[in-house]
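Here is a short tour for anyone who likes to look at a model residue by residue.

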Amino acid sequence: MPKPAASLASLLPQLWHRPFSPPPRLPRALSSSSSSLLTTRHIPRSRFRSSPTTHLGAAATAVTTAADPVEPPTANLYPLYDRLLPCPSQDYPPRIEHLVARKDEVAGDFISRSLSLPPLYVADLIKFGAVYYALVAPQPPPYAAPERVRIFREVTEPSLLRRRASIKGKTVREAQKTFRVTDPSQHLEAGTYVRVHVHPKRFPRNYEIDWKSRVVATTDSYVVLNKPAATAVGGSTDNIEESCMVFTSRALGLESPLMTTHQIDNCSEGCVVLSKTKEFCSVFHGLIKERQVKKLYLALTTGPVSPGIITHYMRPLNRAPRLVSEDHIGGWYLCQMEILECKKVPWPKSLITKVHKVDNCGWPKQEAAYECKINLMTGKTHQIRAQLAAIGAPIVGDSAYMTRAIAAEANPSINPYGRESLNYSSEEEKAAAVEAWVACHGKEPKSVIGLQASEISWDYEGERHYHKAGVPWWRQDAVESDLV
């Protein structure tokens with residue numbers, strides 16, 4: 001007999017909330033309070049005093065000049081705040097705050113007061129999709145302070161939960177489900193949990209692109225975009241504004257925003273299909289599920305790769321780096337790709353790698369590279385990147401997996417899933433070896449790697465759909481690049 005769902009009254013985990021002192025005073029506020037993400041003129045960053053909280057906001061719609069005087073700070077409750085572009089070229093350290101409303105609140109006011117953040121800053125966070133709520137707080141980590149446990153128990157006291165009409169009839173899992181806060185004036189009832197991503201991941205590359213020139217095709221149902229590298233198809237957990245989906249919709253002047261149908265990595269470029277309608281979105285998802293969508297990739301690798309099918313099994317853990325094994329392991333995902341051809345090409349010129357900020361990761365041999373044409377047979381996250389690194393031919397610029405290949409070249413036995421792995425006497429020893437292997441991987445690239453979603457095709461209702469991206473970055477002259 002299945003166990004019954006846990007009741008809300010039995011949910012008494014710990015509450016955690018890191019106190020935060022007020023941030024440094026920010027520059028004066030601009031005259032406009034609108035939050036457009038695009039502007040016709042960039043405001044130089046040197047015009048403003050730098051602060052970790054200065055650069056979150058959207059574009060300033062008022063234009064300032066170098067002659068504008070900087071007004072002295074005023075004695076307001078919150079630090080003064082400018083909404084400005086360009087956005088920072090580097091992300092600030094992640095900062096996530098967890099709150100519980102002790103009484104009925106208005107979302108924007110509650111967050112501003114609790115975290116000492118300017119109201120306009122909070123409004124931009126909400127516009128970015130960086131603020132979430134749940135009727136009841138999810139299970140927190142076990143190291144919360146006793147005082148925070150006490151506060152949480154107060155707001156989840158069984159008699160209090162029973163009086164909350166909004167959670168009657170819901171299971172714990174249903175009540176703990178998070179949703180985005182969509183408006184600063186949104187009502188929060190007492191006991192509501194709020195998660196605030198104070199420093200969202202930013203995508204400055206979006207503001208350098210001529211998005212109309214990246215559109216490969218447009219129909220009544222979809223748009224095919226030649227996605228630039230260092231951009232996100234649909235944004236990130238805490239930033240849905242700075243995405244290919246949003247910027248392409250604006251460039252084309254669409255009344256309804258485009259919808260994502262599939263993803264490619266932020267550091268990759270190439271063909272992405274964006275849907276204009278919910279109906280086509282559903283159709284395309286079905287085609288992908290039935291493996292009716294064919295995707296061909298171009299990969300610039302550090303070493304030669306023999307034509308044929310490459311098979312690995314990927315660890316079923318939804319976080320980077322993705323570990324793969326040539327041997328079948330129960331529960332691991334099948335990963336297959338077919339190398340159609342591989343040809344030797346010159347290593348990208350230094351000017352091109354400088355323009356595109358390619359990280360060569362200290363790869364020892366940079367005389368020649370290899371361009372591989374790949375038929376992706378299964379579509380797992382990082383699949384091509386992880387599989388090519390596993391055979392000693394990582395993708396040029398892939399800082400996450402090039403360092404792994406260098407480590408394996410120096411010591412083949414360091415890979416616990418490789419052909420030359422050691423025999424481990426215990427599960428603890430094997431787990432330690434896996435952690436050491438994970439540590440050999442580098443950070444996720446922030447710019448471009450040698451991977452392009454080159455071609456995409458499918459058949460639907462008797463009609464053939466075929467689209468191809470432009471010339472990959474490594475074949476371009478510097479003068480052709482849209483980064484110059």
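## Buried aromatic rings

A residue is called buried when its relative accessible area is under 20%, and exposed when that value is over 50%. The model shown here is predicted. With that cut-off in hand, Phe280 counts as buried because its relative accessibility is 8%. Phe284 is buried too, with a relative accessible area of 0%. Both residues belong to helix α7, which covers residues 278–289, and they sit four residues apart, about one turn of the helix.

How many aromatic pairs does a search of the whole structure find? The search gives 10. One of them joins Phe280 and Phe284: their ring centres are 5.7 Å apart and their planes meet at 35°, so this pair is tilted. Phe280 and Phe284 also belong to an aromatic cluster with Tyr222 and Trp458.

Trp473 and Trp474 give another geometry: with ring centres 5.7 Å apart and planes at 90°, the pair is edge-to-face. Trp473 is buried at 0% relative accessibility, and Trp474 is buried at 10%.

Charged side chains also sit over rings. Lys380 is found over the face of Tyr333, 4.7 Å from the ring centre, while Arg250 lies over the face of Phe247 at 5.9 Å.

## Strand β12 and its partners

Strand β12 (residues 308–314) runs antiparallel to strand β14 (residues 333–346), and seven bridges join the two. Two bridges link β12 to β13, again in an antiparallel arrangement.

Which residue of β14 stands opposite Tyr313? That residue is Leu334. In β13, the bridge partner of Tyr313 is Ser325.

## The second largest pocket

The second largest pocket holds about 660 Å³ of space. It is lined by 29 residues, and those closest to its centre are Ala389, Ile391, Gly392, Ala405 and Glu409. Two or more lining residues come from each of β13 (324–325), β15 (368–376), α9 (383–390) and α10 (399–410).

Helix α10 gives the largest share of the lining, six residues. By residue type, the lining of this pocket divides into 15 nonpolar, seven polar and seven charged residues.

## An arginine in a loop

Finally, look at the loop between β6 (193–197) and β7 (215–218), where Arg205 lies. Is Arg205 buried or exposed? Arg205 is buried, because its relative accessible area is 11%.

Note on methods. Residues numbered from 1 in each chain as written. Predicted model: local features only at pLDDT ≥ 70, side-chain atom pairs only at ≥ 80, totals over all residues. Heavy atoms only, no water. 1 Å grid on protein atoms, 1.4 Å probe; cavity = no way out; pocket = protein on both sides within 12 Å on 5 of 7 lines; lining within 4 Å. Points joined across faces, edges and corners; volume = space filled by probe spheres on them. Nonpolar A, V, L, I, M, F, W, Y, C, P; charged D, E, K, R; others polar. Pairing = 2+ DSSP bridges. Buried < 20%, exposed > 50% of the residue type's maximum accessible area, 1.4 Å probe, protein only. Phe/Tyr/Trp six-rings, centres within 6.5 Å; stacked < 30°, edge-to-face > 60°. Lys NZ or Arg CZ within 6 Å of the ring centre and 35° of its normal.
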